[in-house]
Structure formats: structure tokens, C-alpha cells
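Please look over the sequence and the structure below before reading on.

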Amino acid sequence: MVATALPLRADLSVDYDAYAEHVRWLVDSGCDGVVPNGSLGEYQTLTAEERARVVETAVQAVGGDRVMPGVAAYGSAEARRWAEQAAEAGAAAVMLLPPNAYRADEAAVQAHYAEVAGVGLPVVAYNNPIDTKVDLTPETLAKLHAEGLIVAVKEFTGDVRRAYRIAELAPELDLLIGADDVLLELAVAGAVGWIAGYPNALPVASVELYRAAVGGDLNRAKELYRQLHPLLRWDSRTEFVQAIKLSMDMAGRRGGPTRPPRGPLAQESEASVRAATEAALALGLR
């Protein structure tokens, strides 16, 4: 599932036609589906109308069974409203951060997920304590799963040791790779999915890497992983949106600008992304 970047015009308005084409292209390139309105989709900078239309555009482009919108919000009531909007649009599931403007304790986290789960769509938890300051520990995830509030977790901490603890405490909870640069490690540890960033630019090579990793073809997976890792590691950096959009532009896609407060990459970072992207394209990775 690709956490989709959002094409913006020069005036920073959303190009919905370009987004629909991008979503269809990702699925045609072998990706299983898309996750609109994640951080890579710059959801925090969208108006309510824009955010709703992004979900509707994705569903119309590839069908609701392939769409899992992010429904993160400052409050649980707002997150529930976005889950309701996703359901009305026809999406099959939603992805939910814990409260992201409040350092919630375990009771508040459980209430937050219960509120959104009440909509009736399957909920994938998103653990990103770097940004939210709330850590969905394996113990917390196991409790949320036992209560029937989540079906999976997008694990972004980069701590691959958690995969084994989650499997011990909640063996039926699906583990999804949440950071591109630990894909191989988490695939070996038993992850059954990937909510991905860099397939926005290089979907065919990324899908091949993922299939090889989860399928046990470690020789091919390691080869591709080494080739792609100079790009994949940008997914865990602050400037990941700008980096991925730049690689999209270089690969002949529509990356384009980002909305403030995100600005252009610093000169050194841009040079690094350009060099890594040129190297990948020279190897025939697409």
C-alpha cells in the first residue's frame, strides 16, 4: 500500500486529475493499493474540502477496496468524522495515529481508538512516536487488538525487535512495515505488508523488492535493498516528502512542490537525492 504523495500545481493548489492518474499508475505498476492523507500526502496542510476530495478521488480511480485513508486528527471526534467520511466514500479501511497534539496516556489512547473503531471500518494503528510523542508499545497494541479496536499496525519506530514482541503478545495482529529503510529486516521478522513511500517514484522495483523479501528470496531482496537503500532511508528523515517528490520528478512522474512549512530541499540534501535517484535509474530500476 503506497502512502501517496499529492501532486500540487505551481500555485500549490491540488491537481486532482494528476492525483487520480498517479493512483491508477501505482496500481497498474503492481502496488496493491494506496493510503491517501498520510504525512506524505501533506494532510496537515489540506482544507477539509481538499482532504475529503482526495479520498473520493482515490476511491473513484482504483476502487474503495484498494484505498485506506489516513484519518489522523487533533481530536478523537474529528478523527471519527474522517473515518465516517472514508466509509461514505467507499474506502475499505482507515489508518489512525494516536492523539497527535496531546501526550495521551494508555486510557486516552484506548478511548481514541475505540471512538474511531465505532465507525465500523477496520483500523490500522500507526505507531510514530517520533512525531506524536505517544508510543504504541507492543503491550498497548496487544490490548487494543484484544479489544477489537485494531487489525494491524504500521510500525515506524525502526526498532525491529518489536516485531517479535508483537508476535508473542498479539499473534493475530498484522505487522506492516512502516519505514522504507527497515523493509528487509521487518519482512524477515514476519511483516505481512508495507505502507510505503518510495514506490511513488519507483513502484516496479519496490514491489519486486517487497515480494522477494516476504517471499524468502533473500538473495534478490538483498541485491535490490542495497541498490535502493540510499533512497529508502530518506523515508525516515524530516524532508522525506520533498525527497520523494524530487525522485518522482526525476523518474518522469509528477512530484512538484510542497506546501509550507515544508520548503525546498537544502542544496546538499537535494544533491544527495539526485545522485541516489540517478544511480537507481541508471540500474534500470523503475
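What follows describes the sheet, and then the cavity and the pockets.

This is a predicted model, in which local features need pLDDT of at least 70 and side-chain atom pairs count only at pLDDT 80 or more, while totals for chains, interfaces and linings use all residues. Residues are numbered from 1 along each chain as its sequence is written, and side-chain values use heavy atoms, with hydrogens and water left out.

**The sheet**

- Five strands form an open sheet in the order E3-E4-E5-E6-E7, with parallel pairing; strands (E, at least two residues) and helices (H or I, at least four residues) are DSSP runs numbered from the N terminus, and two strands pair if DSSP finds at least two bridges between them.
- Strand E3 (94-96) and E7 stand at the edges with a single partner strand each, so one side of each is left without a neighbour in the sheet.
- Helix H7 packs on the sheet, where H7 touches strand E4 (123-127), E5 and E6, and the direction of H7 makes about 170° with that of E5; contact means heavy atoms within 4.5 Å, and axes are lines fitted to C-alpha atoms, for helices over the stretch in contact, with angles from 0 to 180 degrees between N-to-C directions.

**Pairing around E6**

- Strand E5 (residues 152-155) runs parallel to strand E6 (residues 174-177) and is joined to E6 by four bridges, and Glu155 has Ile177 as its bridge partner in E6.
- On the pairing of E6 with strand E7 (residues 193-194), which is parallel and has two bridges, Ile177 stands opposite Trp194.

**Cavity and pockets**

- There is one cavity of 30 Å³ or more; on a 1 Å grid over the protein atoms alone, a cavity is a set of points where a 1.4 Å probe fits but cannot get out, whereas a pocket is an open set with protein on both sides within 12 Å along at least five of seven lines, and lining residues have an atom within 4 Å of a point.
- The largest cavity has a volume of about 50 Å³, a volume being the space filled by probe spheres set on the grid points, which are joined across faces, edges and corners.
- The largest pocket has a volume of about 800 Å³, and of its 39 lining residues, Ser39, Tyr43, Gln44, Asp131 and Arg262 lie nearest its centre.
- The second largest pocket holds about 300 Å³ of space, and the largest share of its lining, four residues, comes from helix H9.
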